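Dear colleague,

Please find below the structure that I am handing over to you.

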Amino acid sequence: MSRFTRILPWFAVFVLTCFAYLWFFGLQTFFALQARKIGREVPIVGSVPVEVEDQIVSPAKGEKVSFQGVEFDVPWSDLDDAKTRSVGNCRLVKFLSGNSILLCVGAPGMFMDNMFKNKNAEPELFTRIYGTDVLRSDYALMKAIYRTTPNDIGLFTPSGRAAALSSVIMIKAIAPPTTDSAIYNIRSKSFQGFQLGNPARRPAKMCLQLYADDIEIEISLEQSRTGPTPPVSQADLNRIIRSARKTTPPSTLVTNPG
């Protein structure tokens, strides 16, 4: 018996095994590998929301930022009036230290409306995975997205669900306006939402996403990763989060609370 004749049955078994694997698990394997690749490139994809351990609130004297029906305190008093301005539903607040805050105020469901209007995703993508309740608010949808990780896709995940989860993971990779991988649950008397970024690592960008029944706000913070200016701390962020509240009537003033 020739060598070719001896190995032919084993080769046939190998081919049949590969075919069977690809038939039953090929799509799941593709989406699982793709999701894990995204997770390596964008680490926040592998994170899920956790509670903030440091609950200290900065007592420093600062400014009160008010804009279009919301206001909050910031623990810095070096406001740069010349560079602070408003455009549409957003207000850019600059500080002499080089730090800045971009506050954007929107109506409930703004994230969903923009995503579905621009055809970035269809509502059925999310209801197929999480059920219809996920579309009751932007907060519910973002909570579902942030809780989804590459580990949710495995060999035994149905191919349709694996494809849908892979799409959600791509949305999670591009949606957060931050340069850090941490996600935290946050809340105040008026809002609940998420903190994106761990200030202990001094990321260049962090973000606070706060949701109420009748209004949503996003507070994006930028800071230098080096230099003499003290980094934004968790106590600073807690000051902003705890003081966030709705105002009546809406105001576009930035004043010093004394």
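Tyr211 counts as buried because its relative accessibility is 10%; buried means under 20% relative accessible area, with a 1.4 Å probe and protein chains only. The model is predicted, so local features need pLDDT of at least 70 and side-chain atom pairs count only at pLDDT 80 or more, while totals for chains, interfaces and linings use all residues. Residues are numbered from 1 along each chain as its sequence is written, and side-chain values use heavy atoms, leaving out hydrogens and water.

Tyr211 belongs to one aromatic cluster together with Tyr139, Tyr146 and Phe194. Rings of Phe, Tyr and Trp (its six-membered ring) pair if their centres lie within 6.5 Å; planes under 30 degrees apart count as stacked, over 60 as edge-to-face and the rest as tilted. In the whole structure, a search finds six aromatic pairs. One of them is stacked: Tyr139 and Phe194, at 5.4 Å centre to centre with 20 degrees between the planes. Tyr139 is in helix H4 and Phe194 in strand S8 (residues 192-196), 55 residues apart; helices (H or I, at least four residues) and strands (E, at least two) are DSSP runs, numbered from the N terminus. Phe194 counts as buried, because its relative accessibility is 0%, and Tyr139 likewise counts as buried at 15%.

Tyr139 also forms a tilted pair with Tyr211, at 5.9 Å centre to centre and 50 degrees between the planes. Because Tyr139 lies in helix H4 and Tyr211 in strand S9, this pair ties together parts that are 72 residues apart in sequence.

With kind regards

Definitions and conventions:
Buried means under 20% relative accessible area, exposed over 50%, partly exposed in between (1.4 Å probe, protein chains only).
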